[in-house]
Each structure stands twice: as C-alpha cells, then as structure tokens.
Amino acid sequence: MIRAVHILLLTVTSLLAAASAFGGEEIVVYSARGEQLIKPIFDAYTKETGVKITFATDKEGALLQRLKAEGANTPADMLITVDAGNLWQAEREGLLRPIASATLRANIPAHLRDRENQWFGLSVRARTIVYNTQRVRPGELNTYEDLGGPKWKGRLCLRTSKKVYNQSLVAMMIAEHGAAEAERIVRAWVGNLATDVFPDDTKLIEAVAAGQCDVGIVNSYYYGRLIEKNPALPARLFWANQKNKGVHVNISGAGVTRYARHPEAALKLLEWLSSPKAQNLFADVNLEFPVNPRVPPHPSVAAWGDFKQNLIHVENAGVLQADAVKLMDRAGYK
Ligand code: FE
C-alpha cells in the first residue's frame, strides 16, 4: 500500500514536472564543462523546478566562436566554461550581459566573480604543487617562485604553456610581482625542468609518481582522480605560498548570454547553482571546491587539508593573459 502511494506520488511529480516544462520554461546552455559534469546537476534542477534544460558541450574556443557567429540569433541563454581567462574573453567580445543579483553577490566571494556582473565563479580549482613522497619531504617545499631555486635543478615538471591554466598562473604572477620579476621566475623554472613539458596534468602527476621528476604544478582535481584510482600513488599535494599570498585559484563559472531568450530563467538557474544545495553537486562531481564559502568540500577533497587561497581577483587571468603568453615565450617556456 505504502509502495503504491509512493509510485502514485512519483507519477504525479513527473507529470507536474513534464507539464511545467511543456508550459514554456526552458533554458539553453552552452557548456565547456563536459556532459558527465553538468547533466546530473541539470537533471536535479529540472526535477526540482520543472524547468527544461537543453545543452550543447564543446571546447571553450568553439563555443565562443559559435556564440559570435550566431549573434542575436543564438539559442543559448547561458555559457558555462572553465578558467576566468575564458569568461573574461567572452565578456570582452560582448557575448554576455550584466546581471544584478543580491543572491549571487552573497554566495560568491568578490574575487571570484566579474566586477561588471557578467560572469560568476561556480566552483574553485586550486593549482598547486605536487611532489614525489619518496624523494621530497613537504618541509622542503614552499612557494611556486621557489621552484626556480637551485635545489630543484633538473627536478621540476611543468605542463605546456599553451594551456590556459598556466597562462592564468603566470598572469597572476605578473599582477603580483610585476612583469620583470615574473619573467625571472618563469626563466628559472624552465632552467630547472627535468624533461619536456607535458600535454596534461595527469601525465605530469604520473611522471612525478614514477620519479621522472620530483615536483610539479597541477590542478588538484587531476590529483584527486588519480589518487581515487590508486591510493598508494607516491605523490601528494602541497599547498603553495601559505606563508604569503596563498594558493593560486581559478574558477569554472557561467554567465547569461547577451541575446538570451530566457534571461530570467537563466538567472534563476545561476542563482540555484550558487546555492548550498547545488554547490556540492557542481563541485564534487569534478573534485573541485565549492565557490560558496558556506559549503564544505567533498570529504575526499577536504582530506587534502585546509589552505589559504590567493585573494587576487581572478579577472587578472584575462586582463594579463596576452602578456603572460608573450612572457612565457620570451622565457623559453614551451
Ligand atoms: Fe581541467
């Protein structure tokens, strides 16, 4: 009997959801975050609100091109992408619109959202030091800058400078130290390389674990994926720069498109994504950190320990991206 009532309730709920979706509320999202990362969250939103969400996923460059080409005819209401550098680019190309929302301002720290309210961080990604536990003691580590010092000669691994994550890291270093000092540091890194740069963070962590190099710089969620598969991996994260400015962080985030056909519905979705109930859905699926400081990270992410994050505004990743690319080229960082 209880089971029958339960099934009946479920049926009524689905019918209501379907009716409401049919009733017109729908949102179209372009996402550089993969389907496996966003579909479960959109499904939860549809279940809760009845609002239907259609999405297309692609690389960020392709999505920006598509939004530009479609112009006022775009079906997209929302753009989701990773890295503040990409969101800043979308804003600069006029693809987003400013939205005033007290909820977004309350849920998202000021350094992780656009000053013009055109894009908003939804999860935090930390780019920090990874080290081989058999060859390095954590007490020997300190800062990103220090990885250019003589003790790391022939022991450092880096991912390619073509990846926006490193462009953002160097952009932040320019903002913090000035271009000349940032270039000196990057040159010192290049001089310490154990081997050619890596195409991705996962291969870099595997090289650190294999002893091909002793230290490297990676996004923590790549480490999380590997350590879930192999808890015995002889590699650990070290939270960089804790005695000064803090760990370099970036975001994955979103904005409402300039020509959105359903801007109010898109804003409501954005506010929901920043709320405590959705934050863990959004961050945990990729082992990232919630952007909302009131929401604790997933226990396996929390197990890596607390850290202080650098509070420099993430828009610097965009503003100084071109300078960072040129600087890395001058410094011989491939
Ligand atoms: Fe990534």
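Author: A helix here is a DSSP run of H or I with at least four residues, and helices are numbered from the N terminus. The model is predicted. Tyrosine 222 lies in such a run, helix α9.

Reader: Where is the place of tyrosine 221?

Author: Tyrosine 221 also sits in helix α9, which covers residues 220–229.

Reader: Why is tyrosine 221 called buried?

Author: Buried means under 20% relative accessible area. Tyrosine 221 has a relative accessible area of 1%, so the residue counts as buried.

Reader: What makes tyrosine 222 count as buried?

Author: The cut-off is again under 20%. Tyrosine 222 has 12% relative accessibility and therefore counts as buried.

Reader: What coordinates the iron ion?

Author: Tyr165, Tyr221 and Tyr222 do, each through its OH atom, at 2.0 to 2.1 Å. A donor must be an N, O or S atom within 2.8 Å of the metal.

Reader: Which spacing do the donors of the iron ion follow along the chain?

Author: The donors follow Y-x55-Y-Y.

Reader: What does tyrosine 221 touch, not counting residues up to four places away in sequence?

Author: Contact means heavy atoms within 4.5 Å. With those sequence neighbours left out, tyrosine 221 touches Arg125, Tyr165, Asn286, Leu287 and Glu288. On the same terms, tyrosine 222 touches Arg159, Tyr165, Asp201, Thr202 and Ile205.

Reader: Which feature does UniProt place at Tyr221 and Tyr222?

Author: The UniProt record, an unreviewed entry, places the feature "binding site" at Tyr221 and Tyr222. Such annotations may be inferred rather than shown by experiment.

Conventions: Residues numbered from 1 in each chain as written. Predicted model: local features only at pLDDT ≥ 70, side-chain atom pairs only at ≥ 80, totals over all residues. Heavy atoms only, no water. Donors = N, O, S within 2.8 Å, 3.2 Å for Na, K, Ca; no water. Helix = DSSP H or I, 4+ residues; strand = E, 2+ residues; numbered from the N terminus. Buried < 20%, exposed > 50% of the residue type's maximum accessible area, 1.4 Å probe, protein only.
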